[in-house]
Amino acid sequence: MALPPVLHEEVGLNEGQAIAARVRRWDDGEARGPYTMELYPTMTCNIDCVFCDTTYRKGKQTGELTPDDYWKLLDEAHAMGVRRVFILGGGEPLVRRDVTPELMRRVKAFGMEGHIATNGTLFDDKLIDQVIETEWDELHFSLDAPDPAVNDYLRGKKGVFEKVAKAMCRIHGRKHFRFGRGVMDAPRMLVHAVVTNKNFRMLADMVRFAHAVGCFRVNFDYIIAYRPEQFALKLNDDERAEIQEHAREGLRVAEELGVITTLEHFLHQETMERGDMTFRTKGPEDAANAPCLNPWYYLVVQPTGQVSPCCVITGTGEDVREGLADVWNEGEYFSQLRTSMKRKEMTELCRNCTVAITSRNDYIRDYLGVL
């Protein structure tokens, strides 16, 4: 399959170099397609996590993109030089059996890098064989505790831990059967855990569990609270002081086992909480010096087709069914957002940004030479 012209420019460049090159092209007056595209196939979910922000996840949703909409969108994304597709959602993407498995197959057929975030309860043998045979890149499993009772309480449904653990073990075993023991071939697996007052003493054990089932990484994120049931899961002052001890133990275990984590964020209060993020205000009014680089390389598409530059500012732009290139390159939403970002004017929602996003921007700035 022929490479889009933009990808010929990036042959031999690593991720940071390629994204930096695209940002520079924007500053030179030449539009470039997104490097990464996030797709949310649905907001419907088959479980009921007690801390979930998606309050309308039960029942069939209306207005979601059709399978044909997704095939057209992926064709357009490939033509624009999208290199990574991340499938996730406010719901469970595998609920859309009419879309997600075939979407994953097409992503790899285009030679794109594929990631999916899933609760892991809907994996079957057919899909496991597909992700191994197509060498899908990463599987992100949402799991909150290495203890079945605690995990299933937080996930809102009994039997979740057992289903997810079995799926991960099957994937790990079949990958070894194909590639040989100890070889870190695709798909790579990682665990994403939401830290609450129910599981914050289990950080080291979660790292041990993840390593045992073949994961290379564990992402820990502190719960975001908007509703009473979410506030009830936040750590109190004594627990916030105590978590640093558990984070250090988890980091020690992770180093011993060779597992990557985000536990360093829990060593300092200012990097643990969300809702008070600050951004750079210096530098000229250009893309390279913007407080956030996402509007120039990152595209999120909601189930209804609306676009945004990240998971924090969700579903506020135009509809991709109007044409991906038009929406991304010159649509009113992204044009206004890029202008305000150049002026160092952030949205109120940006205060809820994560260290993961800001650190990725800092990584790209290293290649832009922006201090």
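Trainee: When H4 passes H5, what is the crossing called, left-handed or right-handed?

Mentor: It's a left-handed crossing of H4 past H5. That label goes to a near helix turned anticlockwise from the far one by less than a right angle. Keep in mind that everything here comes from a predicted model.

Trainee: What makes H4 roughly parallel to H5?

Mentor: Start with the axes of H4 (residues 100-109) and H5 (residues 125-133): they come within 10 Å and cross at roughly 10°. The cut-off for roughly parallel is under 35 degrees, so H4 counts as roughly parallel to H5.

Trainee: Which residues make the contact of H4 and H5?

Mentor: H4 brings Pro101, Met104 and Arg105, while H5 brings Leu127, Gln130 and Val131. Sorted by class, the contact of H4 with H5 has four nonpolar residues, one polar and one charged.

Trainee: How do you know that H8 is roughly parallel to H10?

Mentor: H8 (residues 203-212) and H10 (residues 237-257) have axes that cross at roughly 25° and come within 7 Å. Under 35 degrees is what roughly parallel asks for, and therefore H8 gets that label against H10.

Trainee: Which residues are in that contact of H8 and H10?

Mentor: From H8 you have Leu203, Ala204, Val207, Arg208 and His211. The H10 side has Ile243, His246, Ala247, Glu249, Gly250, Arg252, Val253, Ala254 and Leu257. Eight nonpolar, three polar and three charged residues is how the contact of H8 with H10 divides.

Trainee: Why is H2 called roughly perpendicular to H14?

Mentor: H2 (residues 15-27) packs on H14 at an angle of about 75°, and their axes are 8 Å apart. The range for roughly perpendicular is 65 to 115 degrees, so H2 is roughly perpendicular to H14. Glu15, Gly16, Gln17, Ile19, Ala20, Val23 and Arg24 of H2 make the contact with Tyr363, Ile364, Tyr367 and Leu368 of H14. By class, there are seven nonpolar, two polar and two charged residues in the contact of H2 with H14.

Trainee: On to the cysteines. How many disulfides are found in a search of the whole structure?

Mentor: Zero disulfides turn up.

Trainee: How do you know that Cys310 is too far for a bond from the closest cysteine sulfur?

Mentor: Check the distance: the closest cysteine sulfur to that of Cys310 is in Cys311, 5.8 Å away. A disulfide needs the sulfur atoms within 2.5 Å, so Cys310 is too far from Cys311 for a bond. Cys350 is in no disulfide either, with its nearest cysteine sulfur, that of Cys310, 6.4 Å away.

Trainee: What makes Cys310 count as buried?

Mentor: Buried means under 20% relative accessible area. Cys310 has 9%, so it counts as buried. Cys350 has 7% and is buried too.

Trainee: What is the phi of Glu135?

Mentor: Phi is positive for Glu135, about 55°, although Glu135 is not a glycine. Most residues other than glycine have a negative phi. Glu135 is found in the loop between H5 and strand S4 (138-142). A positive phi, about 70°, also belongs to Lys344, again not a glycine. Lys344 lies in the loop between H13 (332-342) and H14 (355-368).

Trainee: What makes Lys158 exposed?

Mentor: Exposed means over 50%. The relative accessible area of Lys158 is 81%, so Lys158 is exposed. Lys158 has its place in the loop between H6 (148-155) and H7. The C-alpha atoms of Lys158 and Val107, 51 residues apart along the chain, are separated by 33 Å.

Trainee: And how do you know that Gly258 is exposed?

Mentor: Gly258 has a relative accessible area of 58%, which puts Gly258 in the exposed class, given the cut-off of over 50%. Gly258 lies in the loop between H10 and strand S7 (260-261). Val207 is 51 residues from Gly258 along the chain, with 9.9 Å between their C-alpha atoms.

Notes. Residues numbered from 1 in each chain as written. Predicted model: local features only at pLDDT ≥ 70, side-chain atom pairs only at ≥ 80, totals over all residues. Heavy atoms only, no water. Axes fitted to C-alpha atoms, helices over the stretch in contact; angles between N-to-C directions. Helix = DSSP H or I, 4+ residues; strand = E, 2+ residues; numbered from the N terminus. Parallel < 35°, antiparallel > 145°, perpendicular 65-115°, else oblique. Contact = heavy atoms within 4.5 Å. Nonpolar A, V, L, I, M, F, W, Y, C, P; charged D, E, K, R; others polar. Buried < 20%, exposed > 50% of the residue type's maximum accessible area, 1.4 Å probe, protein only.
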